[in-house]
Amino acid sequence: KIGRTNTMAAAFVLSAAGVVTLWFTQTSAVQFYIAVCLIGLSFGAIMGIYPAFTAERFGSKNNTVNYGIMFIGFAIAGYLGPTIMKSMFNSSGQYNSAFLVSALFTAAGFIILMIYKSREKKRKEV
C-alpha cells in the first residue's frame, strides 16, 4: 500500500537503526537481539521488494535475468561486508567502526533511493 520505494526507504531506515544500535551495544543481549532483528527485518523487506522493483523498472519480459544482475549487489556486499569488518576488527580490536561504516553505506543507499524517487517523479510529470 505504501509503494516499493517507500518500503525500501523504510527498510534502509530500519537497517541503519539496527546497525547504530549494534554500535551502541556493549554487553546487553537484549539490545543485540533487537538490533539483529531490525537488520533481519530490513533484509527480508528488501529481498521481498527487489523482484517487483526490478520488473517495474526494467519490464517483466526479462525479469529473471535482470533480477539476477540486481542480486549481484547482495553477493558483492556478502563478500565485502565481512572482509571490511574483519580488517577493521584486526586494526582496532573491536567492531564498532565497522558498524559505523555499515551505517554510512546504508545512508548512502537511502540517499541514492531518494534521488531515484525524485527523478522518477519528475519523469512521470513530463
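In this predicted model, the contact between helices α1 and α4 brings together residues from both, with Thr5, Met8, Phe12, Val19 and Trp23 among those on the α1 side and Phe99, Leu100, Phe110, Leu113 and Tyr116 among those on the α4 side. By class, this contact has 16 nonpolar, 7 polar and 1 charged residues.

Two packed helices are described by the angle between their axes and the distance between the axes. For α1, which spans residues 4-24, and α4, which spans residues 96-125, the axes come within 9 Å and cross at roughly 165°. Because angles over 145 degrees count as roughly antiparallel, α1 is roughly antiparallel to α4, and the crossing in which α1 passes α4 is left-handed.

Tyrosine 50 counts as buried because its relative accessibility is 18%, under the 20% limit, whereas phenylalanine 74, at 23%, is partly exposed.

Phenylalanine 89 and tyrosine 95 form a pair that is stacked, with 4.5 Å centre to centre and 20° between the planes. Phenylalanine 89 is partly exposed at 31% relative accessibility, and tyrosine 95 is likewise partly exposed, at 38%.

Ring pairs also link Phe43, Tyr50, Phe53, Tyr67, Phe71, Phe74 and Tyr116 into a cluster; Tyr116 is also one of the α4 residues that meet α1.

Methods. Residues are numbered from 1 along each chain as its sequence is written. This is a predicted model: local features need pLDDT of at least 70, side-chain atom pairs count only at pLDDT 80 or more; totals for chains, interfaces and linings use all residues. Side-chain values use heavy atoms; hydrogens and water are left out. Axes are lines fitted to C-alpha atoms, for helices over the stretch in contact, and angles run from 0 to 180 degrees between N-to-C directions. Helices (H or I, at least four residues) and strands (E, at least two) are DSSP runs, numbered from the N terminus. Angles under 35 degrees count as roughly parallel, over 145 as roughly antiparallel, 65 to 115 as roughly perpendicular and the rest as oblique. A crossing is left-handed if the near helix is turned anticlockwise from the far one by less than a right angle, and right-handed if clockwise. Contact means heavy atoms within 4.5 Å. Ala, Val, Leu, Ile, Met, Phe, Trp, Tyr, Cys and Pro count as nonpolar, Asp, Glu, Lys and Arg as charged, and the others, Gly among them, as polar. Buried means under 20% relative accessible area, exposed over 50%, partly exposed in between (1.4 Å probe, protein chains only). Rings of Phe, Tyr and Trp (its six-membered ring) pair if their centres lie within 6.5 Å; planes under 30 degrees apart count as stacked, over 60 as edge-to-face and the rest as tilted.
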